[in-house]
Amino acid sequence: MNRFSLAALAAIGFAAPAYAQSPDYADEANWLCRPGAEGPCAAVLDTTVIEADGTTRRETFEPAEDPGVDCFYVYPTVSTDTTPNSDMQADPAERNVAERQFARFGEVCRLYAPLYRQVTLAGLRAQLGGADAGTDWAMAMGDVGAAFRHYMENDNEGRPFVLIGHSQGSIMLEPLIARAVAGTPLADQLLSAILVGTNVERPAGAAAGGDLGALPRCETATDTGCAISYVTFLDGATPPEGGLFGRAEGEGMQVGCTDPAQLLGRDALSAYFPLEYGGSARQGDAWLDGGEIDTGWVATPGLLTAECIDRDGAQFLSLKVHADAEDPRTDDIGGELTVMGNPSPQWGLHLIEMYATQGDLIEVVRQQAEAHKAN
């Protein structure tokens, strides 16, 4: 199913004005994260910071007590349900990804993350394999639309907000933004749409248009009402022809790429990595030779940089690891999705791209919030 088919399904999904077939989002059980609720967004996120010389320090995570901004997050394809679409019971993978990709935004936001009947891993594998998988993208998109509508009508109270998605989550948010946010009064409340891990297409050379309608891309960390998007590959790699990421399908279109660190005027990325990736991600080397890490997270200042690349018809964020055999930090962060034990070139660093840029994205939201308040 191509992206144009998904857009058509999205129109169907969002056209139902009462969202009659969607879950009841007044029920808190249908949310992974809400302010004051226990769950993945209340996790302990203390981090071991590893400097280039091997020295370490503990960085204690402190969520904001009363942030002036909301963040609304839609998670990627992770459900382990065996059906084409998931149920509304959060499995460990759904809770885990919300903790890893989203909970740290609690430094700057009130956190909202709805459950939705997403296309499952089983459904996506079957669909990518050419089978009649029975996946219902319109239902998933309708759920996300219903959750967002409930949030705006009952929780937002006029506050500035950020929309955050990864992979399938970004696909869910694209048509919502184009149809319900861009070019409407809500665009004045939107700080940014952070859509990672999917091809957000724009006309070549244009700041707006394409998948997100009138919503422009962010050019600086103080721009608001704008979008940040990218797909990520390791330095030296290029998205292959016919792959899932980095190559536009539309005539005259390009895949959007924004380096979050560049928005901040930084060279190095501010990455936060879980100590172990798990799942289908290749782990890489030990984070610190001969050292002890007693937190679930690590940060490695100066180890990673990124650059938006336009090469051979592909547009993507190229991630470089500044390895040094003489220092005790890792020279290999891993992160590739493996298929039968081998890294898959078409997926790039899809599984870890939210970790590699997390600190930068949070700082961008912080600066956008300050700019919005000043205006």
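The questions and answers below cover disulfides, salt bridges and backbone angles in this predicted model.

User: How many disulfides does a search of the whole structure find?
Analyst: A disulfide is a covalent bond between the sulfur atoms of two cysteines. With the bonded cysteines numbered in sequence order, the pairing runs 1-2, 3-4, 5-6, 7-8. The number of disulfides found in the whole structure is four.

User: What is the handedness of the disulfide of C33 and C41?
Analyst: The sulfur atoms of C33 and C41 are 2.1 Å apart. C33 is buried, at 1% relative accessibility. The torsion about the S-S bond of C33 and C41 is about 80°, so this disulfide is right-handed.

User: How many residues apart in sequence are the parts tied together by C71 and C109?
Analyst: C71 and C109 are joined by a disulfide, S to S 2.0 Å. C71 lies in strand β4 (residues 70-74), and C109 is in the loop between α2 (92-101) and β5 (110-114). Both C71 and C109 are buried. The parts tied together by C71 and C109 are apart in sequence by 38 residues.

User: Is C308, bonded to C257, buried or partly exposed?
Analyst: The sulfur atoms of C257 and C308 are 2.1 Å apart, and the link is left-handed, with -85° about the S-S bond. C308 sits in strand β14 (residues 304-311), while C257 is in the loop between β11 (253-255) and α7 (260-263). Buried would need under 20% relative accessible area. C308 has 32%, so the class is partly exposed.

User: Are D143 and R117 buried or exposed?
Analyst: D143 and R117 form a salt bridge, with the closest N and O atoms 2.8 Å apart. D143 lies in helix α4 (residues 137-156) and R117 in the loop between β5 and α3 (121-128), so the pair ties together parts 26 residues apart in sequence. Both D143 and R117 are buried.

User: What separates E153 and R149 in helix α4?
Analyst: E153 forms a salt bridge with R149, and their closest N and O atoms are 3.2 Å apart. E153 is exposed at 56% relative accessibility; R149 is partly exposed at 36%. E153 and R149 are four residues apart in helix α4, so the separation is about one helical turn.

User: What is the phi of S167?
Analyst: Most residues other than glycine have a negative phi. S167 is in the loop between β6 (161-166) and α5 (168-181), and is buried at 11% relative accessibility. The phi of S167 is positive, near 55°.

User: Is M340 buried or exposed?
Analyst: M340 has a positive phi, near 55°. M340 lies in the loop between β16 (338-339) and β17 (342-343). The cut-off for exposed is over 50% relative accessible area. At 84%, M340 is therefore exposed.

Methods: Residues are numbered from 1 along each chain as its sequence is written. This is a predicted model: local features need pLDDT of at least 70, side-chain atom pairs count only at pLDDT 80 or more; totals for chains, interfaces and linings use all residues. Side-chain values use heavy atoms; hydrogens and water are left out. Helices (H or I, at least four residues) and strands (E, at least two) are DSSP runs, numbered from the N terminus. Buried means under 20% relative accessible area, exposed over 50%, partly exposed in between (1.4 Å probe, protein chains only). A disulfide is a pair of cysteine sulfur atoms within 2.5 Å. A salt bridge is a side-chain nitrogen of Lys or Arg within 4 Å of a carboxyl oxygen of Asp or Glu.
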